[in-house]
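Me: I have a structure open and would like to learn how to read its features one at a time. Could you walk me through it?

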Amino acid sequence: NESTDIDTRWTVAKLETIADICFSNVDKKTTTGEAPVALCNYMDVYSNDFITAKLDFMPASASGREIEKFSIQAGDVLVTKDSEDPHDIGVPALVKEDLRDVLCGYHLAIIRSKSTTLDPEFLMHYFRSTRAKKYLYKMAQGVTRFGLTTAAFQNFPIPLLPIETQVAATEVLGACRIGE
């Protein structure tokens with residue numbers, strides 16, 4: 001059990017209790033009659049720690065419903081949800097700023113904190129932890145293409161450190177970054 005080896009000083013929560021989880025189905029196509037949008041795709045997340053306006057997003061189109069449901073906003077953590085290699089699943093990137101008409105693309109999940117008890121940047125860093133990677137690798141399903149189910153994300157165990165501790169941890173981890 002992944003939650004039993006987390007420090008007992010902290011409560012362990014299922015991700016679904018403190019964040020909304022949404023799997024995107026927005027594809028890379030441009031379809032007549034749909035609104036033009038920019039698409040934050042798998043490689044944008046896989047190759048970057050932070051999603052900002054400096055990235056060169058792919059042009060695409062989307063329906064009004066897709067725009068409403070999959071537009072990204074500051075504080076969202078985007079996570080790879082499937083890949084040919086199970087080690088490439090669960091790679092996070094934090095949306096650092098509100099981006100107009102930028103949608104989350106296919107093969108990604110949007111995780112949006114619904115609680116003041118979860119710092120989004122802490123969540124991004126936690127997804128990179130050995131414990132999180134171990135859980136995600138174990139939950140990956142497939143033979144030639146591996147993926148995580150909605151339930152795997154919903155049940156993702158995360159320690160609820162006090163918000164001040166989460167913020168302090170992200171400040172230390174941010175200070176360790178090179179070249180940013």
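Me: Let's start with Asp82: is it buried or exposed?

Reply: Asp82 is buried, with a relative accessible area of 10%; the cut-off for calling a residue buried is under 20%. Bear in mind that this is a predicted model. Asp82 sits in strand β7.

Me: Which side chains make polar contacts with the side chain of Asp82?

Reply: Here one looks for pairs of N or O atoms within 3.5 Å. The side chain of Asp82 has such a contact with the side chain of Lys81, at 3.1 Å, and another with the side chain of Arg145, at 3.0 Å. Beyond residues up to four places away in sequence, Asp82 touches Tyr42, Ile89, His107, Arg145, Phe146 and Gly147.

Me: And where does Lys81 lie?

Reply: Lys81 lies in the loop between β6 and β7. Lys81 is buried, with a relative accessible area of 9%. Setting aside neighbours within four places in sequence, its contacts include Phe23, Ile89, His107, Phe146, Gly147 and Phe153.

Me: Now the sheet that holds β7. In what order do its strands run?

Reply: To read a sheet, follow which strand pairs with which. This open sheet has 3 strands in the order β7-β12-β11, with antiparallel pairing. Its edge strands are β7 (82–83) and β11 (141–142), each of which pairs on one side only. Between β11 and β12 (residues 146–147) there are 2 bridges, and Gln141 stands opposite Gly147 in β12.

Me: How should I read a helix, and why do the buried residues of α5 line one face?

Reply: The general idea is that an α-helix has 3.6 residues a turn, so residues three or four places apart point the same way. In α5 (residues 130–139), Ala132, Tyr135 and Leu136 are buried. Looking down the axis of α5, the buried residues fall within an arc of 95°, so they line one face of the helix. Thr130, Lys134 and Lys138 are exposed on the other side of α5.

Me: Which elements do the buried residues of α5 pack against?

Reply: Their packing partners are α4 (120–127), α6 (150–154) and β13 (157–160).

Me: Which residues touch the most other members of the largest nonpolar core?

Reply: For a core, look for buried nonpolar residues joined through side-chain atoms within 4.5 Å. The largest one has 27 residues, of which Leu15, Ile111, Leu118, Leu123, Phe127, Phe156 and Ile158 touch the most other members. Elements giving two or more residues to this core are α1 (15–18), β6 (77–80), β10 (108–113), α4, α5 and α6. The largest share, 5 residues, comes from α4. Apart from this core lies another of 24 residues, among them Ala38, Tyr42, Leu78 and Leu103.

Me: What is Leu118 in contact with, leaving aside neighbours within four places in sequence?

Reply: The contacts of Leu118 are Leu15, Ile18, Ala19, Ser113, Leu123, Ile158, Ile163 and Gln166.

Me: Last topic: how many disulfides does the structure hold?

Reply: The structure holds 0 disulfides. For Cys22, the nearest cysteine sulfur is that of Cys104, 7.6 Å away, whereas the cut-off for a disulfide is within 2.5 Å. The closest cysteine sulfur to that of Cys104 is in Cys40, at 6.3 Å, which is too far for a bond. Cys22 is buried, with a relative accessible area of 17%, and Cys104 is buried too, at 0%.

Conventions:
Residues are numbered from 1 along each chain as its sequence is written. This is a predicted model: local features need pLDDT of at least 70, side-chain atom pairs count only at pLDDT 80 or more; totals for chains, interfaces and linings use all residues. Side-chain values use heavy atoms; hydrogens and water are left out. Buried means under 20% relative accessible area, exposed over 50%, partly exposed in between (1.4 Å probe, protein chains only). Two strands pair if DSSP finds at least two bridges between them. Helices (H or I, at least four residues) and strands (E, at least two) are DSSP runs, numbered from the N terminus. The arc is that of the directions from the helix axis to the C-beta atoms. Contact means heavy atoms within 4.5 Å. A polar contact is a pair of N or O atoms within 3.5 Å; within protein, one must be able to donate a hydrogen and the other to accept it, and residues adjacent in sequence count only if both atoms are side-chain atoms.
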